[in-house]
Amino acid sequence: MKQLIIEGNKKLTGEIEISGAKNGIVALIPAAILSDEGATLYNVPDISDTKSLLDILELLNCPTKYANEELEIDTKRIENKVIKEELAKKLRASYYFMGALLAKFKYAEIYFPGGCNIGTRPIDFHINGFKKLGADVTIEGNKYIFKANKLKGAKIYLDFASVGATINIMLAAVKAEGKTTISNAAKEPEIVNVASFLNSMGAKITGAGTSEIKIEGVEHLGRGIIDVIPDRIESGTYIIAGALMGENLKVSGIIEEHVESLLSKLKEMGVDMKVEENYVIINKPSEYKPINVKTLVFPGFPTDLGQPISVLLTQANGTSILEETIYENRMGHIKYLQKLGANVRVNDRTAIFMGPSKLKGTEVVATDLRAGAAMVLAGLTATGTTTINEIEHILRGYENIVEKLQNVGASIRIKEDKE
Ligand code: UD1
């Protein structure tokens, strides 16, 4: 198993350029198969989740060309095949093929999706949405089977503004007969990105980015073209790195309004930042004020930055509180922060930090993707050597994380299995 080795407590200075959004590309690739003529995607991040989705496209007989962040997908000879269990299990977003294949073929067989172990993560809202559109859904072993004679537009209300359900229902409805309304839709920027991509093919979607999305079904979808939006979670992770260890660290290629909730929390802590529309320059302050953070749906503070910001909370002068409201099991990294020397305790979905704590390098585990990001941030801050195990989780979502951090002065490297 590969490990990440970090010699911490080094100033970070220079520039980090943000890549395309992981949670954008993982929905855009399945969306691409809805086109009858193929698609071109720009700013595609080179992460292992992208590779897993390209393997699925190959299985579906959609050849791809991927170089220099540009992805060309040929959908003309697509075949409806069962997505193998080992492929579906590699990432949660394999579930977007449910909506896409159902819309395209009126039939899909897909194994249960994988993804980070951060809670029970049911997909009942997706399934209920497909049923409302006229699909028959059955479970056979570890596999869902979706069937429909025809899909018909419907009024769908989500009990919770789920990102996955909003996108999946949008995919399923885009070619349905008549009008679909998704009420209490999620408003995350990745949803707007997917809607723009589908509209570039000729779909008729309005309201993406608000809590009511309207979709007028169309029969045919032509060539799609899209720029993947910058990754707001990667942006946030490096901005937090700047708050921890930055000396004029520039994080560029961001969209300011996508990271607004984080920036406002950092200001509250007293972090020194120069914020422009598409970059931020960050300096570590001499002292951090304690704050309370509550994760919420967009535009609230993202749950995916809860674990990364927890490292900063260990450094604040006083008591800070992190409350996780989206997932029931997102505090798995706290025991490793404790191992690194943080004074923090967990009560169910709330973590209470009594800082500042001096972090000292030790051996830790990336229990999931964002927990892994938190371990990297902790390793950059700690004195001595931090060794992170199970780094495959991190590589699923952070493009060139080692090179990006080395370029700004971090001492970080991957130790291969055989070393
Ligand atoms: C997406 C993101 C993930 C992020 C999350 C919340 C992707 C690939 N992943 O995950 O990084 O943390 O949004 O911003 O884009 N729920 C149900 N039933 C459902 C669907 C969801 O109960 O059918 C619950 C979930 O268990 C969770 C909450 O709703 O507690 C939010 O889930 P959702 O917004 O759907 O997250 P994902 O799309 O899985």
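## Nonpolar cores

Of the 79 residues in the largest nonpolar core, which touch the most other members? In this predicted model, they are Leu41, Phe97 and Leu198. Leu41 shows what such packing involves: leaving out residues up to four places away in sequence, Leu41 touches Ile25, Leu28, Glu69, Glu70, Leu71, Ile73, Phe197 and Ile226. There is also a second, separate core, made of 68 residues, with Ile6, Ile233, Ile282 and Met331 among them.

## Two domains

The protein is divided into two domains. Domain 1 consists of residues 3-18 + 230-415, and domain 2 of residues 22-227. Taken over C-alpha atoms, their centres are separated by 30 Å. The contact takes 20 residues from domain 1 and 25 residues from domain 2.

The size of an interface is often given as the accessible area lost when the parts come together. Here domain 1 and domain 2 bury about 1900 Å² between them, and 50% of this area is on carbon and sulfur atoms. On the domain 1 side, Phe298, Arg396 and Glu399 lose the most area to domain 2, together 35% of what that side buries. Between the two domains there are 2 salt bridges.

Helix H2 covers residues 48-59 and contains Ser52. Is Ser52 buried or exposed? Ser52 counts as buried because its relative accessible area is 6%, and the cut-off for buried is under 20%. Apart from neighbours within four places in sequence, Ser52 is in contact with Leu87, Lys90 and Leu91.

Helix H5 (residues 124-132) has His126, Ile127, Gly129 and Phe130 as buried residues. They lie on the same side of H5, because they cover an arc of only 160° around the axis. The elements covering the buried residues of H5 include helix H4 (96-105), strand S7 (136-140), strand S8 (143-147), strand S9 (155-157) and helix H6 (163-173). Just after H5 comes Gly134, with a positive phi of about 110°.

## Backbone exceptions

Most residues other than glycine have a negative phi, and most peptide bonds are trans. Which residue has a positive phi of about 60° although it is not a glycine? Lys106 does, and Lys106 is found in the loop between H4 and strand S6 (107-111). With 26% relative accessibility, Lys106 is partly exposed. Glu390 also has a positive phi, near 60°, and is likewise a residue other than glycine. The place of Glu390 is the loop between strand S22 (385-389) and helix H13 (392-395). Glu390 is partly exposed, its relative accessible area being 38%.

The bond from Phe298 to Pro299 is cis, with omega near 5°, and Pro299 is in the loop between strand S17 (292-294) and helix H10 (306-313). Phe298 was named above for the area it loses to domain 2. The bond from Gly355 to Pro356 is cis too, with omega near 0°. Pro356 is in the loop between strand S20 (350-355) and strand S21 (363-365).

## Salt bridges

Side chains of opposite charge can pair when their charged atoms come close. How many salt bridges does the structure hold? The structure holds 15 salt bridges. One of them joins the side chains of Asp49 and Arg396, at 2.9 Å from N to O. Asp49 lies in helix H2 and Arg396 in the loop between H13 and helix H14 (401-406), so this pair ties together parts that are 347 residues apart in sequence. Asp49 is buried at 2% relative accessibility, and Arg396 is buried at 12%.

Lys404 and Glu234 also meet in a salt bridge, with 2.7 Å from N to O. Lys404 is in helix H14 and Glu234 in helix H8 (residues 232-245), so the pair links distant parts of the chain, 170 residues apart. Lys404 counts as buried at 11% relative accessibility, as does Glu234 at 2%. In a further salt bridge, the closest N and O atoms of Asp304 and Arg330 are 2.7 Å apart. Asp304 lies in the loop between S17 and H10, and Arg330 in the loop between strand S18 (318-323) and helix H11 (334-339), so the pair ties together parts 26 residues apart in sequence. Asp304 is buried, with a relative accessible area of 14%, and Arg330 is buried with 5%. Salt bridges that share partners also join Lys22, Asp49 and Arg396 into one network.

Key. Residues numbered from 1 in each chain as written. Predicted model: local features only at pLDDT ≥ 70, side-chain atom pairs only at ≥ 80, totals over all residues. Heavy atoms only, no water. Core = buried A, V, L, I, M, F, W, Y, C linked by side-chain atoms within 4.5 Å. Buried < 20%, exposed > 50% of the residue type's maximum accessible area, 1.4 Å probe, protein only. Contact = heavy atoms within 4.5 Å. Helix = DSSP H or I, 4+ residues; strand = E, 2+ residues; numbered from the N terminus. Arc of directions from axis to C-beta. Domains from an automatic or database assignment. Buried area = accessible area lost by both parts, 1.4 Å probe. Salt bridge = Lys/Arg side-chain N within 4 Å of Asp/Glu carboxyl O.
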